[in-house]
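Here is a short briefing for a first look at this structure. Start with the overall picture, then move to single residues.

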Amino acid sequence: MVRRIRKVGGFDVFGFWRLDMRRKREVVEGQMFRKLGPGGGIWQVIAIRKDGLGTQHAQLQRSDDHKTLKTLAVSALLDPTQFETVAEPQD
């Protein structure tokens, strides 16, 4: 998207930015993600919480070891360089 920012010396100055589509996605309990990179694994969201500043965090449980838990910012889960969503198996 392009937007005119201001005029400089009689010329229009334009700013370019991309719309961040990831912000429109929502992370919900039960959703599954694959960590990209070595030793990534599949993780399931078991809880969503907000911290004191309003940042959302997801508590994750490793699908092949239910005792392994971690908490990440939801923004990290929505970062396509770190995680990808995993389609849940159809019954």
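The protein chain has an accessible surface of about 7,000 Å² (Shrake-Rupley method, 1.4 Å probe). Carbon and sulfur atoms hold 52% of that surface. This is a predicted model: local features need pLDDT of at least 70, side-chain atom pairs count only at pLDDT 80 or more, and totals for chains, interfaces and linings use all residues. Residues are numbered from 1 along each chain as its sequence is written, and side-chain values use heavy atoms, with hydrogens and water left out.

**Overall make-up**
- The chain holds 1 helix and 7 strands (DSSP runs: H or I of at least four residues for helices, E of at least two for strands).
- Their order along the sequence is β-β-β-β-β-β-α-β.
- Of the 91 residues, 22% are buried (under 20% relative accessible area, 1.4 Å probe, protein chains only).

**The aromatic pair**
- The structure has 1 aromatic pair (ring centres within 6.5 Å, using the six-membered ring for Trp).
- Phe33 and Phe83 form this pair edge-to-face (planes over 60 degrees apart), at 6.5 Å centre to centre and 85° between the planes.
- Phe33 lies in strand S3 and Phe83 in strand S7, 50 residues apart.
- Phe33 is buried at 0% relative accessible area, and Phe83 is buried at 4%.

**Charges over rings**
- The charged end of Lys35 sits over the ring of Phe83, 5.1 Å from its centre (NZ of Lys or CZ of Arg within 6 Å of the ring centre and within 35 degrees of the ring normal).
- Lys70 lies over the face of Trp43, 4.2 Å from the ring centre.

Key. Buried < 20%, exposed > 50% of the residue type's maximum accessible area, 1.4 Å probe, protein only. Phe/Tyr/Trp six-rings, centres within 6.5 Å; stacked < 30°, edge-to-face > 60°.
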